[in-house]
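Hello,

Here is the structure I promised to hand over. Please open it, and then read my notes below.

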Amino acid sequence: MDKKKKRMMKRLDYFIHMRPVFDVQSLFSDGTENFVTPMEPKPGDKVKIRFHTKRDNADVVFFISGAMKKPMEVEMSNSQFDYYATEITVGGEPVYYYFEVQAGKVRCFYTRLGVSRNLNQSRLFCLVPGFSTPDWAKGAVMYQIFTERFCDGDPSNDVLDGEYLYLGKPVTRVEDWNKLPAADGTREFYGGDLQGIWDKLDYLQDLGVEVLYLNPVFVSPSNYKYDTQDYDYIDPHIGVIVTEQGNPSAKVRSGKSLTMDHVQRNEMESMTGSRVKPENDFSAPASCEQRTGTGSVTGSRAGRGDVSAAGSSPISSNREARRYIARVTDIRNLEASNDFFAKFIEEVHRRGMRVILDGVFNHCGSFNKWMDRERIYEGQPGYEKGAYVSGKSPYRKFFKFNNEHEWPYNSYYEGWWGYETLPKLNYESSPELEEYILRIAAKWVSPPYNADGWRLDVAADLGFTPDYNHRFWKKFRTAVKTANPDAIILAEHYEDASAWLGGDEWDTVMNYRAFMEPLTWFFTGMEKHSDEYKEDLRGDSQTFRKTMLLNMTEFLTPSLLVAMNELSNHDHSRFLTRTSSRPGRVEKLGGEAAGEGIRPEIMREAVVMQMTWPGAPTLYYGDEAGLCGFTDPDNRRTYPWGCEDTQMLEFHRRVIAMHRRYPVLKTGSFRFLGSEKD
């Protein structure tokens, strides 16, 4: 055979056996049930791991974990892909793994960041045997409620004008439900309560909500309630007040709450299937001019009855706040409020929904019975002296005092970020404190309350050392999961939370890094507080894609599927306000500016992404109704009952229904298909 013929035969043989161009885009695996079965294995389980390539496009795929490197077998093929699989038996330790793909002379690796020529072992796939997150929370539609601003279902429990002092000045009862919060509105109370949420459960069900996340509901003097006064009891101001200043209230004497008591009204609603409207229903405003941040404030709640603290003279200290002291220290009010809360959760569960509580365990408030800086518990029957009052207090070691020579009334204690109103809890010096809080953690997820989990405020700050912080959260997980194995533990944390998400501390986090922050930059060019605008980040799909993919690798897959994906919340400006791309705060721009130049169509785009992204899409009350607001306190406006943006509301209903209709949107695999500017 001459040389020319040999060359032709060689070329023919090459073309006959030529493999299609290696298709990098077809390489894929993740940690969902599609590629890991079971996704949440127990020690000793056999686990099947899968990987797919383009059909007939790879010579070999290796599964690699530590010293183990084993070729995977083609389990099945379809017209597009070859599905490779291998089986491993897991022990008790985490299993880190990745894939190696060979096709001719091409060799590449596949980790959670995707395909690379050079292996990055910091972003490997990981299985943690024994770790799981509640199935009910995976992809669940959550709804965050700032109770005091949602709905006033029982005006008889409202905070009264001058009832007590907060930050040195009298508290005020807001008569106009439409009024925008003052720039310094920490003393303003609108009257929202648990009965109000109960009254609106039909609305929440119709919207498609599956989980209620309640901002703190325990006894506290502030409207935001992150300065806990008593962890053992629901605040009667949002619960039930059955006695005033040691005497039964009018409600108890008549057996009615204005027209009928809570239990009677709620039982009648259950029987009739419709809401029984109280005689004084202040949930709907008289005018809708001021509901999305524009126009003037109108509408009032006149006729609410007694609006002052029993007509008493102004008080000079909280030792004189007899009405407040009776309301929040009398065991009859406290137990009645706890009983009501148990019935409330029972009703939520009856409707197929869940309840997550907000736990503030890094610090408490200066009103707290353990500290008692306001001296409201001093001399009250059934209460020990607080640590501020006496150096011999049983709670002395609950706090870190920096001056041992100032009792009685020692104000030299450690405050969180230096705030004397937020005493930092000193766990390292008090095993009794640790035991107490762990008991609280278990109490509220156990009968008769049966809450479905905890959101943990500033969780990474708890304790005075990182070592103790991690030890505490391991104990907290044990306490909660022992009491209620199906409860969720999610934490507030703004940075990389992977140190806490190893399977033995938190289940997940409020998803700032892999959702809220990148998403708001991409859609609006705004920082989440509305403090800054960056034109170059608006519509920058490449930066968005890289940031999301990188930050999502900080989660184990079970944690990612329950991560709280919010557009807005109580700490940041509302997303609709950010769509104006106008930086600012209410102190400088005024409340009306929050609704100027907004672009609802951008918010609707963001909601679609929220409802199709891995995690638990979480609405901040009122976002679905078109509520605007700069960062706190302006983001804590009242819900606009009767004045909703009906187009935005209906859009939310439809997209939530889509999310709930298709399981793939709750627990399915996710990948970017493409991206381009704008």
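Helix α9 covers residues 466–483, which makes 18 residues. Its end C-alpha atoms lie 26 Å apart in this predicted model. Helices, H or I with at least four residues, and strands, E with at least two, are DSSP runs numbered from the N terminus.)

Which residues of α9 are buried? They are Y468, N469, H470, F472, W473, F476, R477, A479, V480 and K481. Buried means under 20% relative accessible area, exposed means over 50%, and partly exposed lies in between, with a 1.4 Å probe and protein chains only. The buried residues of α9 pack against α8 (431–443), β22 (453–456) and β23 (488–491). Contact here means heavy atoms within 4.5 Å.

Two notes on the source. Residues are numbered from 1 along each chain as its sequence is written. The model is predicted, so local features need pLDDT of at least 70, side-chain atom pairs count only at pLDDT 80 or more, totals for chains, interfaces and linings use all residues, and side-chain values use heavy atoms, with hydrogens and water left out.

Next, a sheet. Four strands form an open sheet in the order β1-β2-β6-β5, with antiparallel pairing. β1 (36–37) and β5 stand at the edges with a single partner strand each, so one side of each has no neighbour in the sheet. Two strands pair if DSSP finds at least two bridges between them. Nine bridges join β2 (residues 46–54) to β6. Four bridges join β5 (residues 73–77) to β6 (residues 81–89). β5 and β6 form a hairpin, with three residues between them. Look at A85 in β6: R50 stands opposite A85, and E73 stands opposite A85 too.

Now P614. Where is P614? It sits in the loop between α15 (600–612) and β26 (616–620). P614 is buried, with a relative accessible area of 10%. Leaving aside neighbours within four places in sequence, P614 is in contact with M552, L560, N565 and F670. The C-alpha atoms of P614 and G668 are separated by 7.9 Å, although the two are 54 residues apart along the chain.

Last, the whole chain. It has 17 helices and 26 strands. Of its 678 residues, 59% count as buried. Among contacts between residues at least 6 apart in sequence, 71% join residues at least 24 apart.

Best wishes

Note on methods:
The expected span of a helix is 1.5 Å times one less than its number of residues.
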